[in-house]
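Open the model in your viewer and keep the selection tool ready. The stops below go from ring pairs to strands.

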Amino acid sequence: MMKVRLLYISISGNTRSFVKNLVTFAHEQGDVDFEPVEISDASADTDEVAPYFALVPTYLDGGNGIDNGVHEIMTNALYDQIAAADNAKQLLGIIGSGNKNFNAQYILTARRYAQAFDAPVIANYELRGTTRDVERVYKAMRQRLVEAGY
């Protein structure tokens, strides 16, 4: 069974909850063993030596991300982890989350990470996600692993 790290940050607990459900679902499928790694301001940057996915929520404080800028808050530790050393080269894809009430800002942080690290946004979900979201995101991750030759 292939082991794949999931780097994520969770301030409100929504991403943590989704990752827990995703890890459980993948275990039930029996073909990918996801290793969740929660990143925080206290985390030391580590070298990512194998392919991984990043799950990133959107937390904004000011600006609308379209015509008057954006002030990203709270996911900087994850950004720094991906930016460290050659870590971005191992990033297979980004899964974004947020609140659809924020319209154009929905998954804005994931889209910004995708541009910064030249990695695709492969899936998204709202808030804590649903059981259907877990299955859909898992399928997108499996497809990305296949496309990358794993």
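Are phenylalanine 25 and tyrosine 138 buried or exposed? Select the two residues: both phenylalanine 25 and tyrosine 138 are buried (buried means under 20% relative accessible area, exposed over 50%, partly exposed in between, with a 1.4 Å probe and protein chains only).

This is a predicted model, in which local features need pLDDT of at least 70 and side-chain atom pairs count only at pLDDT 80 or more, while totals for chains, interfaces and linings use all residues. Residues are numbered from 1 along each chain as its sequence is written, and side-chain values use heavy atoms, with hydrogens and water left out.

Next, look for aromatic pairs; the structure holds six. Rings of Phe, Tyr and Trp (its six-membered ring) pair if their centres lie within 6.5 Å; planes under 30 degrees apart count as stacked, over 60 as edge-to-face and the rest as tilted. Select phenylalanine 18 and tyrosine 125: this pair is stacked, at 3.6 Å centre to centre and 10° between the planes. Phenylalanine 18 lies in helix 1 (residues 14-29) and tyrosine 125 in strand 5 (residues 121-126), so the pair ties together parts 107 residues apart in sequence. Helices (H or I, at least four residues) and strands (E, at least two) are DSSP runs, numbered from the N terminus. Phenylalanine 18 is buried at 0% relative accessible area, and tyrosine 125 is buried at 1%.

Return to phenylalanine 25 and tyrosine 138: their ring centres are 5.2 Å apart and their planes at 75°, so the pair is edge-to-face.

Last, select strand 4 (residues 91-98) with strand 5: they pair in the parallel sense over five bridges (two strands pair if DSSP finds at least two bridges between them).
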